[in-house]
Amino acid sequence: MSDALLPGAWLGMLGGGQLGRMAVHAAQSLGYRVAVLEPDPASPAGAAADWHLQAAYTDPQALAELAKACGAVSTEFENVPAQVLDTLAASLPVAPAGAAVAVCQDRALEKAHFAKSGVPCAPHAVLCTPADLDAVPDALLPGILKTATMGYDGKGQRRVRSREELRAAFAELGGVRCVLEALLPLAAELSVIVARGRDGAMVTLPAQRNWHVGGILATTVVPATGIDPALIAQAEASARAIADAFGYVGVLCTEFFVLADGRLLANEMAPRPHNSGHHSINACTVSQFELQVRAMAGLPLGTPRLHSPAVMLNLLGDLWFDAQGAQREPDWPGVLALPGVHLHLYGKTEPRRARKMGHLTVTAGSQPEALAVARQVAARLG
Ligand code: ADP
Ligand code: MG
């Protein structure tokens with residue numbers, strides 16, 4: 001640990017969203033100061049940072065300033081150009097590395113990485129040109145067409161039942177490189193957060209069970225009950241294998257599908273803390289954000305463990321509108337009156353439908369209690 005960057009030093013974060021904001025909080029709580037590089041003048045992480053460098057992620061002068069001030073850099077934004085991470089890595093520790101981020105930015109490379117890690121994923125084909133559509137095997141229909149890059153929260157995806165629909169969807173997505181996946185019968189969705197240190201040491205948080213609505217994460221429940229424990233162990237081992245296969249440093253989240261026939265397939269990964277790990281702030285002894293800070297600083301990762309069953313509810317902008325479409329403020333006092341409620345709002349001033357405004361974690365002595373309070377929360381927010 002002799003090369004660890006100690007508290008009091010400056011850490012750099014590329015990206016100003018809520019993931020950066022929560023990482024800033026974790027870093028500051030450990031005594032670090034944080035510089036956030038983010039072009040938006042009013043960003044969640046920029047507002048919390050000790051220093052907000054307001055410039056484009058590729059601005060050479062801003063990157064030079066960041067490298068001069070900081071002892072290590074990480075990213076909270078998946079689509080930061082991987083090249084930028086490589087440039088910074090010439091002068092200071094960067095976690096995760098540009099090469100790993102580049103893989104996570106591209107669904108085709110991501111699937112190749114799963115194969116390399118010995119972890120199965122959905123049957124799929126990579127489609128670059130309209131001619132590739134003809135070669136698609138029947139087994140991939142019905143399917144989901146996903147743009148290879150830049151998709152998130154269900155954006156850049158189209159469900160297709162036939163070759164005609166595939167052709168139309170490919171054109172509608174702009175004719176860009178895509179991955180077509182077979183539409184799978186999902187019994188459940190899981191995710192696993194792994195942190196890997198510079199020395200190759202790895203820790204995982206207990207697998208999360210996730211429910212999506214309209215392609216966006218709605219609810220996470222931990223522990224992941226209702227799923228065969230052997231599958232959970234398999235997901236955790238797979239997540240470690242995936243991180244190890246690129247010598248990853250930092251926090252990596254892998255999403256998994258559990259199929260109706262009991263098979264486990266990797267879906268996608270994020271080279272950073274993940275929405276499904278937000279419960280860890282309140283329910284784990286070391287949160288995913290603290291793990292990110294520890295990993296980038298070269299500190300021991302600790303022994304994260306779940307200390308309370310938890311239910312995490314995402315708070316989308318929709319909650320800020322009543323049935324008539326008029327804007328309103330959700331009933332925070334009513335929600336905070338319930339036991340074990342931890343409210344996290346990201347400081348975004350403009351609520352928009354489907355926009356992640358915050359999240360809320362319910363912790364309790366037992367999972368049924370946490371679920372019961374989560375239902376009361378939903379009723380008070382409804
Ligand atoms: P995003 O980057 O938007 O999170 P995902 O690939 O994770 O994209 O897809 C979002 C959600 O859509 C998944 O969590 C799952 O609920 C559903 N989904 C994605 N791919 C498939 C598939 N091949 N079969 C069935 N459902 C899928
Ligand atoms: Mg996803």
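**Figure 1. Pro223 in its loop.** In this predicted model, Pro223 lies in the loop that links strand 12 (216-222) and helix 9 (229-245). Val222 and Pro223 are joined by a cis peptide bond, with omega about 0°. Most peptide bonds are trans.

Figure 2. The peptide bond from Leu141 to Pro142 is cis. Its omega is near -5°. Pro142 sits in the loop between helix 7 (130-134) and strand 6.

**Figure 3. Met150 and its backbone angle.** Met150 is part of the loop between strand 6 and strand 7. Its phi is near 70°. That is a positive value, in a residue other than glycine. Most residues other than glycine have a negative phi.

**Figure 4. The antiparallel sheet 5-8-6-7.** Four strands form an open sheet here; 4 strands are paired antiparallel, in the order 5-8-6-7. Strand 5 (124-127) and strand 7 (157-160) are the edge strands. Each has a single partner strand, so one side of each has no neighbour in the sheet. From one strand to the next, the twist averages 20°. Now follow one pair. Strand 5 and strand 8 (residues 178-182) run antiparallel and are joined by 4 bridges. Across this pair, Ala125 stands opposite Leu180 in strand 8.

Figure 5. Helix 6 (residues 107-116) lies across strand 5, strand 6 (143-147) and strand 8. Helix 6 runs at about 55° to strand 8. Helix 8 (residues 163-172) lies across strand 5, strand 6, strand 7 and strand 8. The angle between helix 8 and strand 7 is about 170°.

**Figure 6. The parallel sheet 3-2-1-4.** This open sheet has 4 strands in the order 3-2-1-4, with parallel pairing. Which strands stand at the edges? They are strand 3 (51-53) and strand 4 (72-75). Each has a single partner strand, so one side of each is left without a neighbour in the sheet. The twist averages 25° from one strand to the next. Strand 1 (residues 10-14) runs parallel to strand 4, and 4 bridges join them.

Figure 7. Helix 3 (residues 60-69) lies across strand 1, strand 2, strand 3 and strand 4. Helix 3 runs at about 170° to strand 2.

**Figure 8. The shell around ligand 1.** There are 17 residues around ligand 1. Gly154, Glu181, Leu184, His212 and Gly215 come nearest. Strand 6, strand 9 (186-196) and strand 14 (264-270) each give two or more residues to the shell. By type, the shell has 6 nonpolar, 5 polar and 6 charged residues. Where does ligand 1 lie relative to domain 2 and domain 3? Domain 2 (123-182) and domain 3 (186-381) both give residues to the shell, so ligand 1 lies between them.

**Figure 9. Domains and a recorded span.** The domain assignment gives domain 1 (10-94), domain 2 (123-182) and domain 3 (186-381). The centres of domain 1 and domain 2, taken over C-alpha atoms, are 34 Å apart. An unreviewed UniProt entry annotates residues 111-297 as "domain: ATP-grasp". The span 111-297 is 28% helix and 33% strand. Its end C-alpha atoms lie 29 Å apart.

Conventions
Residues are numbered from 1 along each chain as its sequence is written. Chains are lettered from A and ligands numbered from 1 in the order in which they are written. This is a predicted model: local features need pLDDT of at least 70, side-chain atom pairs count only at pLDDT 80 or more; totals for chains, interfaces and linings use all residues. Two strands pair if DSSP finds at least two bridges between them. Axes are lines fitted to C-alpha atoms, for helices over the stretch in contact, and angles run from 0 to 180 degrees between N-to-C directions. Two residues are in contact if their C-beta atoms, placed from the backbone, lie within 7 Å. A residue is near a molecule or strand if its C-beta atom, placed from the backbone, lies within 6 Å of it. Ala, Val, Leu, Ile, Met, Phe, Trp, Tyr, Cys and Pro count as nonpolar, Asp, Glu, Lys and Arg as charged, and the others, Gly among them, as polar. Domain bounds come from an automatic or database domain assignment. UniProt positions are given in the numbering used here, feature names are shortened, and annotations may be inferred rather than shown by experiment.
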